[in-house]
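Here are my notes on the model, as numbered points. Please read them with the structure open.

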Amino acid sequence: MDSARLKGNLDLLVLSVLADGPAHGYAIITMLRDRSDGTFDLAEGTVYPALHKLEKAGHVMSWWDEGGPRRRRMYDLTPQGRRELAAERKRWLGFARGVQAVMGVPS
Amino acid sequence: MTPASPIEAFLDALYDELRDSDAATARRLLAEAESHLRESADALETTGVERLEAEQAAVERFGTPAEIVAASRPALHARLTGLVAGSVRPLVLLLGAGLVAVGLSGAVAAAMSAAFGSGFVGSMHQTYTASACDHFLAVQPSATSCTQAAALETSHDAIALRLLAGGLGLVLLGLGWLWSRRSRERGRGYGLPPVVWLTVGLTAFGVAAAGLAVQSTDLATNYGSDGVGFYLSGAVVAALAAVAFAVPLTRRLLPVSEPDRAHSNR
């Protein structure tokens, strides 16, 4: 997948991964790659600015986890983030159905 | 000294790239990048890759420092919008401060008029036409001459209009304050630094104070006290406003001495 299209949907993808529970940046990027069978292979570091923007928008919250062998910044969805994810998901599915219909791809 | 590992070399490069970012963002991004890179390298090492190669691969997968920093910056339109808002906001506050100063000069003019008579503020040293005199005498029936009626009317107008401008200035200051507070809460910090706006305010009020003081002195020299208050009231308030801008500006420009810094850190 081209990186511009991926970056345009990175917020939705990150929110979707976090819907399963709190995770740190490395785990988020690993889940993105694994769940997409390697299709979403973006520069790993770009997930952090995306997370920071989502936090600034109030969609995720974060804290330092000092428990493990390495200090990690953990991220989780806020109630507002869950609502945003639901709305974005609905928009995306509607868009995808429209594109598929135009292209003649059975949904 | 040569960095000990690709990860450390990368973190040094990222640190350099982040020098224009705010401190909190830079610190957090560096800490998260280091944690991520070491975890990524550890994971690769467990598959049998040599440590140096594992670190190199982790760095390559992370992206370049420029790429990461570019992604952390807002989109161009957001930056432009923020820059325009960040420049208009101080202008609104400056305009509000200017109008409030005009309003205060109205209050000072009212005090001067009460203390020294309406001629001190309202006397304009000019000859009026018969129709103008009729108008002044009609709106100021207590006056006994055209000159006195004109002075009273000019004084009243000066005070009332300036106070009206002051009220408008308070509204603008309130709106500007609310706008600034909202922008701070949303973390939008664009626009020129406060030093620029403090300098603009100091210059504007300083020039106004000097100009009005010269005008007052000129009137006092040529005509005595009549009409001096019209300009002097403005000069006094403009001078005080210039001082109000000069104090925070000086604090920002002068280096803080070590004992002061230690005291402020306590």
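**Notes on the two chains**

1. Chain A reads α-α-β-α-α-β-β-α along its sequence. That is five helices and three strands. Helices (H or I, at least four residues) and strands (E, at least two) are DSSP runs, numbered from the N terminus.

2. The model is predicted: local features need pLDDT of at least 70, side-chain atom pairs count only at pLDDT 80 or more, and totals for chains, interfaces and linings use all residues. Residues are numbered from 1 along each chain as its sequence is written, chains are lettered from A in the order in which they are written, and side-chain values use heavy atoms, with hydrogens and water left out.

3. Chain B has eleven helices and zero strands. Its pattern along the sequence is α-α-α-α-α-α-α-α-α-α-α.

4. Burial comes next. Of the 107 residues in chain A, 39% are buried (under 20% relative accessible area; exposed is over 50%, partly exposed in between; 1.4 Å probe, protein chains only). For the 266 residues of chain B, the buried share is 36%.

5. In chain A, residues 24 or more positions apart account for 43% of them. In chain B, the corresponding share is 71%.

6. Chain A exposes about 6,100 Å², with 55% supplied by carbon and sulfur atoms. Chain B has about 15,300 Å² of accessible surface, 64% of it from carbon and sulfur. These areas come from the Shrake-Rupley method with a 1.4 Å probe; for residues, only the protein chains shown count as cover.

7. Within chain A, helix H2 (residues 10-18) packs on helix H4 (residues 47-56) at about 80 degrees, with axes 10 Å apart. Axes are lines fitted to C-alpha atoms over the stretch in contact, and angles run from 0 to 180 degrees between N-to-C directions. H2(A) and H4(A) are therefore roughly perpendicular (65 to 115 degrees). H2(A) contributes Leu10(A), Asp11(A), Val14(A), Leu15(A) and Leu18(A); H4(A) contributes Val47(A), Ala50(A), Leu51(A) and Leu54(A).

8. Which residues does Ser40(B) touch, not counting those up to four places away in sequence? They are Tyr26(A), Glu44(A), Ala58(B) and Arg61(B). Ser40(B) sits in helix H2 (residues 23-45) of chain B. Its relative accessible area is 0%, so Ser40(B) is buried.

9. Leu93(A) belongs to helix H5 (residues 79-103) of chain A. Its relative accessibility is 37%, so Leu93(A) counts as partly exposed.

Methods. Contact = heavy atoms within 4.5 Å. Parallel < 35°, antiparallel > 145°, perpendicular 65-115°, else oblique.
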